[in-house]
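Q: I would like to learn how to read a structure like this one. Can we go through it feature by feature?

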Amino acid sequence: MIYAANFKTNHTRQSTREYLGKLQPQLSKKNPNDKVYIFPPLTALDDYESADFRVGAQNAYPVENGAFTGEVGVEQLTEFNINTILIGHSERRDIIGESQEDVAKKFAFFKEQGFEIIYCIGESLEVREEGIEAVMTHLVSQFEGIDTSYDNFVVAYEPIWAIGTGRTASVDEITETHNALKKVVDKPLLYGGSVKGANIKEIAHVENVDGVLVGGASLKTETFLELVLH
Ligand code: PEP
């Protein structure tokens, strides 16, 4: 299983350091085959070397460096040995306004740099209510311009209506969607959307769920460890 923590715009450099300091000693208890990823805000990136977890960027601009005021490029990430990135999160698509074209450009650039890419897709409630065919049409459209044969590639299925809402997709919905997605992209497939201690067992047991991407429940070391060590 993969356990990925997305802090979003939460935590500071200092609190991230404290978090990782508390997390690290507990990770000796995890299944050695499980992988843990932490995505802190960009200002908290550092070279937190560990064999037990990997730190990635929630976002970056697809350039090495240059005149892109307010953005961070590869040069700023490699200073901290960061070579993992989240691309396509629904908050970036819907709030920041990244189009599929922007997302695909970012993907192509970071693929070229050899980054490990955790690529997020997900449908709105409106689409979900139309049924699985509409959901799959939407999800497949989010692979437009994406090289799904890229080796260093993990997909995170995150229904938008389940993100930060406390409403998790049902086991049947996750099963049906993940089975259909595996036929489209045969890559590790994470589920994200209000994953927490109370539902990790049933979600982790779903066939074709290879891990979870977690927002709210990842913000405290204790609640994230409830997932990793469940
Ligand atoms: C996310 O934003 O990736 C996410 C899954 O958030 P939450 O766990 O809070 O629903």
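A: Start with the largest pocket. Its lining holds 17 residues, and Lys-8, Thr-9, Gln-58, Asn-59 and Arg-92 lie nearest its centre. A pocket is found on a 1 Å grid over the protein atoms alone: it is an open set of points where a 1.4 Å probe fits, with protein on both sides within 12 Å along at least five of seven lines, and lining residues have an atom within 4 Å of a point. This is a predicted model, where local features need pLDDT of at least 70, side-chain atom pairs count only at pLDDT 80 or more, and totals for chains, interfaces and linings use all residues. Numbering runs from 1 along each chain as its sequence is written, and side-chain values use heavy atoms, without hydrogens and water.

Q: Which helix gives the most to the lining of the largest pocket?

A: Helices (H or I, at least four residues) and strands (E, at least two) are DSSP runs, numbered from the N terminus. Here helix 3, residues 90-96, gives the most, with four residues.

Q: How do the residues of that lining divide by class?

A: Ala, Val, Leu, Ile, Met, Phe, Trp, Tyr, Cys and Pro count as nonpolar; Asp, Glu, Lys and Arg as charged; the others, Gly among them, as polar. The lining has seven nonpolar, six polar and four charged residues.

Q: How many residues surround the ligand?

A: A residue is near a molecule if one of its heavy atoms lies within 4 Å of it. The ligand has 14 such residues around it, the closest being Lys-8, Glu-158, Gly-164, Ser-194 and Gly-215. By class, this shell has four nonpolar, eight polar and two charged residues.

Q: What is the secondary structure of the protein chain?

A: The chain has nine helices and eight strands. Its C-alpha trace spans about 45 × 40 × 30 Å along the principal axes.

Q: Which residue between helix 2 and strand 4 deserves a look?

A: Asn-81 sits in that loop, between helix 2 (74-78) and strand 4 (84-87). Its phi is positive, about 55°, although Asn-81 is not a glycine. Asn-208 also has a positive phi, near 70°. Asn-208 is in the loop between helix 8 (200-204) and strand 8 (211-214).
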